[in-house]
Amino acid sequence: MPVTHKTLVKSKQGSNAQSQQKPLAAKTAKVVSKKKDEDDGTEIGEGGDEWMHGKTLIKPPDQLDLTEAELKEEFTRILTANNPHAPQNIVRYSFKERSYKPISSVDQLAVHFFLEGNLLHRDSDEARRQKAKQGLPDEKATVVTETEDEKLETPLQAAGGEEAGDVEEGGGEDGAHSVDSKTGKKEQKLTNQFNFSERASQTLNNPLRERGCQTEPPPRASFSATANQWEIYDVYLEEMQKQEKNKEKAKAVPKKEDDKGKKKLTLVETQSDDLTKVAKVAKIIERMVNQNTFDDIAQDFRYFEDASDEFREQEGTLLPLWKFQYDQAKRLSVTALCWNQSYKDLFAVGLGSYDFTKQGRGMLVFYSLKNSTYPEYNYPTTSGILCLDIHPDRPYLVAVGFYDGCVAVYNLKEERPEPVYKSSSKSGKHTDPVWQVRWQKDDMDNHQNFFSVSSDGRVVSWTLVKSELVFTDIIKLSLVGAVSEGPEGVPPPTMACGTSFDFHKQINYLFLVGTEEGKIHKCSKAYSSQFLETYDAHNMAVDAVKWNQFHPKVFISCSSDWTVKIWDHTIRTPVFIFDLNAAVGDVAWSPYSSTVFAAVTADGKVHVFDLGINKYEAICQQPVVAKKKTKLTHIEFNPVYPIIIVGDDRGYVTSLKLSPNLRSKPKEKKGQELPRGPEVEIAKMEKLLSLLREPENSKA
């Protein structure tokens, strides 16, 4: 074996000598060609001398002249792993602490290039499997042979000197080729070995900018105190005494049902703390979703005006908008409607039943025009609701009258299903259903109070004092007219059944009471023993009686005898009588005109009248329910928007928009501004009344 290696080295040296002779011959050939070029000047073109000269650096005129010391001065730059463009003041909202908190850790990694590869380590099992499949030999044998060759060459290099070095340079490639030829491995070609060029570029770093603002520091005060052992002891003793006193009070006073209810509520509240945090956000999102879902209705509510009114002669239409319904209030009738005077999109709905054979539960529901699919508030009740009224100055207080004779006050601020105040048999509860409740101005002691009327013939004033309702009987209705009890031995006259009442808009003590016998009594708070006036109004029960909002003398009434009548309270006979061919459930004056009113009937129609346009018939008669057997029970005008809400005996509330003809105003002439205000509305109604009074005066 060693003999063969020596012969290999000799052959290598011989081949190196031959290779050295070849480049020498090439050099001599190049020198001869250069001499030929110098001798023969015609072969080189013009400008050949320029290419032969060395390249020189051209200095730009605006370059700074630096000295040798400045040129040799070194500037050190420290490279850090921090990203200079990474933001350092990121703030995120912390739901746990309910405030914005800065983020301490910022990601400094900037990925400039990312490529998924499939390289394998050559010593891994997977690489060996692939080599075996492709039939490639192991590299270990070649490495061993190369190392042995190197070991043999090293002593020859030491002996031979420079010639051995030349031999090594020349024979390296031949040795590699010989090893490759022995192992049978093919030489792999580089795909882009001629076009490769190494390039470097420097990017411009954006200038850093800092912004800061200075705020006034919050007020601070230093407090210092010393806590001695006896002071701590005294505080502990005081706390122990307080706890003992509270325990004695708790033992002395028996626990009430209200306390149990409060405890239950506190337990529920602690469990639902997580839900209450999300409740407000969920409500807003729900309104947004509903607004997108019913966007066409919202657009009609805001912008739609019926253009066909221009081609109708003093007639109008009603455009159906939202329909409000609550699944838990099925099989209940709408027995009361009332708009909130402070929040114009919110209204209350009382649910119960007018059929005395189907009495049971009831419900108080609050809807908003912003969300027609689900109520804002709902309060289930054990008895059916027949009437309600929202306080004009305190929109969170709602007075409610029930079928079982109770009256109650709900506070929307308190999240509990029970009313804040409720009458009982001890506190003057009515013995028959309560048909109407109305808030009044606060009394001399600034206590809130409201009135109620019932079928037991009593008109009662209820005052909210601390935690109870204090009642005062204002008047007792009788069939004969005298309301005081007779002499001894004579039974009192039979009591009349009150069904509705309303207070005068300007005169606080004056009010009207409608009865089940069809009469309307004009009463005063000051006189509890007699009526100021009695009107033979209807042949059946008076369902509603309401004062005009503008004219102080005019009021309207409706009844199940199919009629709506308009009265001047100074005259015993009605001024206008309208027959609607069906039982009239409710009537309401409009808030924008003294001559416009609307009524609903049992055949499912809404009738809108404008006495200034037509004194004999309605300018709009429109059915608003799908089923023929559905009866409309109540109607209310919105105080601001040109819409009305209508309730039926199936628990549905429908909102309708009035067309321009139903709320028409006198046209303004060029250069003239029409007077506006309540005086104009009073003059409109007074003009109508004067036309009807003149024939009576002429006959007299």
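Areas follow the Shrake-Rupley method with a 1.4 Å probe, and for residues only the protein chains shown count as cover. The model is predicted: local features need pLDDT of at least 70, and side-chain atom pairs count only at pLDDT 80 or more, while totals for chains, interfaces and linings use all residues. Numbering starts from 1 along each chain as its sequence is written, and side-chain values use heavy atoms, with hydrogens and water left out.

**First stop: the patch.** Select Val-278, Val-281, Ile-284, Ile-285, Met-288 and Val-289, a nonpolar surface patch with about 530 Å² of accessible area together. Val-289 belongs to helix 9 (residues 273–293); helices are DSSP runs of H or I, at least four residues, and strands are runs of E, at least two, numbered from the N terminus.

**Next: the rings.** Phe, Tyr and Trp rings (the six-membered one in Trp) pair if their centres lie within 6.5 Å; planes under 30 degrees apart are stacked, over 60 edge-to-face, the rest tilted. The count is 28 aromatic pairs. Pick Phe-324 and Phe-347: with centres 5.2 Å apart and planes at 85°, the pair is edge-to-face. Phe-324 is in strand 3 (residues 318–324) and Phe-347 in strand 5 (residues 346–352), 23 residues apart.

Then try Tyr-535 and Trp-567, whose centres are 5.6 Å apart with planes at 55°, so this pair is tilted.

Select Phe-576, Phe-578, Trp-589, Phe-597 and Phe-609, linked by ring pairs.

Conventions: Patch = residues over 30% accessible without salt bridge, like charges linked within 9 Å, V, L, I, M, F, W, Y side chains within 5 Å. Salt bridge = Lys/Arg side-chain N within 4 Å of Asp/Glu carboxyl O.
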